[in-house]
Structure formats: C-alpha cells, structure tokens
Amino acid sequence: MIEGRYFPPASSAVTSAVLSGTPEALRLQETGGQEPMMPVLQSVSDPVAGVPRKFTFADGGVFEAAPGADVDGFLGTHKSFFSRLTRFEANLKYIALAAMVTIGLLFVAYRHGIPLLASGAAVMTPAPIVAAIDFGTLETVDRTLFEPTELPEKRQEALRALFAELSFAAGKKGPPLQLLLRKGGKTIGANAIALPGGTIIVTDELVTLAATDDEIAGVMAHEIGHVRERHSLQQIYRVLGIGFMVALVGGDASQLVDDVVTQASAVQTLVYSREFETSADLYSVDLMSRVGRDPVSFVDLLDRIGKDDEAAQETYWFSTHPGMKERRAAVEKKIRELAGG
Amino acid sequence: MNTNEAVPLGREARRELSFSFTGSATEYFGIWIVNLLLSLITLGIYTAWAKVRRQRYFYGNTWLDGHNFEYHARPVKILIGRIIVLGLLVLYNLLVLISPFFSFLLIFYILAFPWILNKSMAFNARMTSYRNVRLNFRGSYWGAFFSFIVMPIVALVSLGILAPLASRYAYNYIGRHLGYGTARFETQAPLKALYGNLGATIIFVILAAVVCGAIGLALSAGIGSFSYGDMGDEEFARLLASGPLVAGLLGAYVALALSYVFYAAGVRNIAYNSTTLDGKHRMTSNVGRLRYVWILVSNLIVTILTVGLMRPWAAVRSWRYLAASTGLLAAGPLDDFVDEAAPEGNVGAAEFFDIEGIDFGL
Ligand SMILES: [Zn+2]
C-alpha cells in the first residue's frame, strides 16, 4: 500500500489517494471517493534522488507516491538497474571510488585512448576521401597562398629525381607520394607542407635557402614521414576525440565553461602536433640513412629558416613545432641509436 | 498544500508563489560522477541516459506550490537524435575539409534554423510537465525567421542600439507560442524597460572593461617578468610591447561575455514579469544582475581550479538561484488546467541545439 496523490487523466486537479493491490491488479482509492478505481499500469518513473515516483496509467491518470514511499518494494523492482544506480549514487564511499576511477579513465583515455583510436581511424579512412581532401586543399592553397614555381626546368628535374629516390626507399605502403614545387611568396616563404593524401609541396624559397641537396632531401623525408605515419589525419581525429571528451565532461556545463575548456584543449592539440614533428624528424633520419645521405643536415636548413625568428629556437607551450635545440638533440640521439644498433 | 475547493474565497485569492530547488550539490555529485563514468565506459552511448537522468534530477527537484516538474524524454530517442546530429555535423565538416566550397551549405542551415528552433522548442516543451499537464510550443516559420535571424542582424548592424527591440521580439515570440495544456502564455515585454536595461548594461560594460583590463594588464606583467630568464632582451621587449594589447583583447573578451550575462539576466526579468498564463496568472522574475554575473564568474573559477570536480556544485548553485528568483503570481488554485494533444517537436532538432550549446532557457 502506497500513500500519495492522484491526478485524473489530462488534468492538473489533485486529490490525495492510496494505491494498493498488485502491479497487475491495482486498486486506487481516492480520499473521500466512493468506489476504488482499477487503473491499468502503463509505466512508473525511474527513481532519482529526491524526485517522487509517478505511476502513469493507461488512461493518462497519474498517481504520485509520497516522498520516501517504498515503491520498489511494492513493484518488486529492488534489483532493477536504476534502483541499484540510485542507491549507488547516494553512497559516499561508492561515489568517491567512482570519482577516482573516472579521473583515472579520463587520464588514460586522454593519453592513450584518443591517440590509439585516432591512429586506428586514420588507417581506416578510405583512400578516396583522403585524396579528395588533398585535391580540395590544394585547390584552395594554390588560389590563395602559392604562385607557380620559378625554378629553372633543370633544377626542377633534379629535385623530382631526388624525391623519386626517397619515395622509392619509403616504399609503396600508404598513399602515393607526389612532389609539387611552388613559389611561397611573402606569406609562406621557405617551407614544406605535406597533405594527408601524399601531396608534398616544397617552396622555391626553401630550395634556394638550402646549401646542399641533402638538406632538401632531409626536409622531403620529414614530410614523407608525415604522410606515411598519417599525422594530419591523426591530428584531425585527435582534435575530434578531445572535443568529444570535453563534451562528455562538461555535458551540463554552461556556455562559459565550455568556451574556456575548448580553448584550453586547442592549446593542448599543439602539444600533440609537436609530438608528430619529432616523430617525422626521426622518420627522416631513418630514411636518409637508408639512402646513404646525411641525416643531420636538414636541421641546419631548419636552423637557417628559423634564424630571423628567435622564438623558433626554444619550445614554448604555444609552439606548433619543437624548438630547434630540442630537435637537433633528438635527431643526433636517433643517429647514435642507428649507428649503435 | 491543496487549496480546499469547498472554500469559495480560495478561487479569488491572489497568491505569490515561488519556485524552489530542493536538490543538493552532494546529491548531484553522485549522479554526475556516475553519469560521467558510465558515459566513458560506453564510449558516449550512455550520454543519452545521463542527460535524461540529469534533467529529471533538476526538473524533479524544482517545486512550485507543492508540486514538482517532470522531464519525460526517453533516452533511446535522445540517443537517436544525437547520432543523427553527430552524423550530419561530421558529414558537413568532412565536406568543408574536402573543399571550402561546401561552406555554401551554411545558407541552408540559416534557412532551416527557424524550423529547427520551433521543433526543438516543441520537443523540450512537450517533454516537460507540471501537475500532470505538459507544456507545448506551436511556432511559426516566419515568426521565428523574423525574431531569430532578421532581428539579431538588425541589432548587430545598429551596433546594439536596437538590441532591446530584438530581445523584445525574441521573448514575445517564445512567450506567445508557449502553452501549458490548453492554456496559453503571453509575453509583452515593454520596450522602455528593455532600454533601461541596455543603459545599465552600458554602465556595466564600462566598469567591467576597466576592471578586466586592469586584471589582464597585471597578469601580463606578471607573466612577462616570470619568463624573463628564458628569453633574450629583445624578445622580452617585444613581449612587453605586445602585452598590453593581448591583455586588452583578453579583458575585452571577458568584459563582453560578462556584459552579455548581465544584459540577458535583465531581459529575463523584464520578459518574465510581463508574461501571463491563461490571461490571469503572471510570472515573476527578480534575478539580481550583478549577483548572477558573480555567481557565474565564481562558478567558472571554482570549476577550473578544481579541474571540474566542483562542476556539480556550480550547476546546483546557479539553478537554485534562478529557481528562487522566479515566481508565479497565481490568480487562484492551479488545479483547472487541462492537457491537450500538441505537436511533439523533433528530438534531432532539440539535440542539435543541445550539442551546439544554443539555449533559450535561461
Ligand atoms: Zn613537419
């Protein structure tokens, strides 16, 4: 027997009432009413802390159990998922445990789960989509940033031969590699860019700035590393993953909190991108060693590019690339490893 | 608790009723952390159940005149809505990634926005009940188009001078199309009061800009001296030169966000106070604008400092304040409302607004 109050179908009128019988054969007695009603039960609201349970009947009438009434005892639903969950949520010991497990899980998901899922998703992304991204990006950057190359035909030929040598050594696994030469102009300057579908753009300015072919080859190998290890796709998926995690944690957050957390995670993706740069550097060292070229010299070229930019020397929280000192140290360490092993 | 109908005078008595929230931060922390844990383990699938549980906790512990509110959405429907919305968002972003040309799809989004808004409002209203009677929303496409696309543009072009007019249209539109069973709401926000609110906001903006700018400046000077050791003198000089600019921009951004909260709280008061239900009951709202700004700011700071762990406390705090600041001037007992069939809305539209963080609730 449960005490409570009763709302007739589709009405906000209320009378106090008592519900008895069994869930299959209910008897509802309104206070002061003559005959008890025999409503057919349609659903009972799940338990949530502090919220009265409501029995909805087939005709639209609602019986609201008084606070604290033993509805689970009446229905025999002690062991239902939400009844257990409600008891769990109210137990300080359990929620302290849940908090610790959640923090641990968030940390693991952030450090390992998202990168793992991102690299899996990057491998599984269909080749036509990747090729389409290349095509679209190239169209845009050609229209807005680049100009046609002004290098002499012979020099272009030599660079293509150099690239062919490297891409042959890099192997066929992954998107087909393609070299494009462009003039960077004022905005881009000396630079090299790898698109996810295997298109690698090297600017005239970079070629001119290089002292030897090995320097250019090293940069090309670095970009090939980005393509082969699918860094840009991974980056996209990681950003998505972090966005998803932020949405999970701040699911009920107000816009203000959301904004702040999103900004903070945007900064965090820069750290990810530094990780990719280091990885591409190491790939370059490995590939250059295999074709018998000098694996360190590209760092000299990067040094020269960064010369007029003092900030490039150090790694800051906001940098997309690791600082030059750090890069050189990592490259030299890798070379020693290769020599030792 | 219930007005005795045998006393005829009770029908005429005007009662000042206040909303109240009876939940607690500790209680909600349990629900929140379990929701988070299960959502993580299920890779996000449980978020639909988590949302329903959160809404049921907040609605269910909100009381008016001895009765609570109830949230009725079914988690499976929410999940389907979320999957559809996420699918569309991913598809759109993929298309833009392939070619920026696809940004033109935004035009369709703008054209669809009034429809999405109406369907979302209808769904959320339909999922809310009080005393066994549900809310409902019957929007019109062009009404929404005018109030939520044309007027915001007008407000923007007029550099905010016509913002009160836009606010008036937005709230009047929502109020006019909202219903409680067969009874209708009606909102007629007075323009004069809205302009008064704008004036107060302008004073607030100036004060906020000064305070935020000063704080930003102090912070940037602090950071500058802190990292002095790592940098050459030249670099340090450059940072010092750009510091005030960065601080100014940051301060301006924060000041703008705070001013928006201040302004919106004022508009809420005016709009609620000029909203009637069934032509006789009147809503009331007396949110303290500065107080509300302070609550949100301190919530944000506490949430960040505790890496999110105090988020449940913050959520309960602001909800409780808003509930306590809201009331109903009832012209009699609230037992004669009748529910009716009404448009069910669209769960996908509602979830789109939820995911994009668009909220007209305040
Ligand atoms: Zn790189």
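Modeller: Begin with H226(A) and E277(A): both are buried. Bear in mind that this is a predicted model.

Colleague: What makes H226(A) and E277(A) count as donors of the zinc ion?

Modeller: Distance. A donor is an N, O or S atom within 2.8 Å of the metal. The protein donors are H222(A) through NE2, H226(A) through NE2 and E277(A) through OE, and they lie 2.0 to 2.1 Å from the zinc ion.

Colleague: What spacing do the donors of the zinc ion follow along the chain?

Modeller: The spacing is H-x3-H-x50-E. H226(A) sits in helix α8 (residues 213–228) of chain A, and E277(A) sits in helix α10 (residues 255–290) of chain A. The pair therefore ties together parts that are 51 residues apart in sequence.

Colleague: Why is H67(B) called buried?

Modeller: Buried means under 20% relative accessible area. H67(B) has 1%, so the word applies. H67(B) belongs to strand β4 (residues 67–71) of chain B.

Colleague: What makes the pairing of the H67(B) and R5(A) side chains a polar contact?

Modeller: The cut-off is 3.5 Å between N or O atoms, with one able to donate a hydrogen and the other to accept it. The two side chains make their contact at 3.4 Å, so the pair qualifies.

Colleague: How do you know that F63(A) is buried?

Modeller: The same test works here. Its relative accessible area is 0%, and the limit is under 20%, so F63(A) is buried. F63(A) lies in strand β6 (residues 62–65) of chain A.

Colleague: How do you know that the span of helix α4 of chain A agrees with what it should be?

Modeller: Helix α4 covers residues 127–144, which is 18 residues. At 1.5 Å a residue it should span 26 Å, and its end C-alpha atoms are 26 Å apart, so the two agree. Buried residues of α4(A) include V130(A), I133(A), L138(A) and V141(A).

Colleague: Which residues touch the most other members of the largest nonpolar core?

Modeller: Y28(B), I33(B), Y57(B), I78(B), L117(B) and F137(B), out of 70 residues. Helix α1 (residues 25–41) of chain B gives the largest share, eight residues. Apart from this core lies another, of 33 residues, among them L166(A), V202(A), V285(A) and F298(A).

Colleague: What does I33(B) touch in chain A?

Modeller: I33(B) touches I95(A), A98(A), A99(A) and T102(A).

Terms used
Residues numbered from 1 in each chain as written. Chains lettered and ligands numbered in written order. Predicted model: local features only at pLDDT ≥ 70, side-chain atom pairs only at ≥ 80, totals over all residues. Heavy atoms only, no water. Helix = DSSP H or I, 4+ residues; strand = E, 2+ residues; numbered from the N terminus. Expected span 1.5 Å × (residues − 1). Buried < 20%, exposed > 50% of the residue type's maximum accessible area, 1.4 Å probe, protein only. Core = buried A, V, L, I, M, F, W, Y, C linked by side-chain atoms within 4.5 Å. Contact = heavy atoms within 4.5 Å. Donors = N, O, S within 2.8 Å, 3.2 Å for Na, K, Ca; no water. Lists of a residue's contacts leave out its neighbours within four places in sequence.
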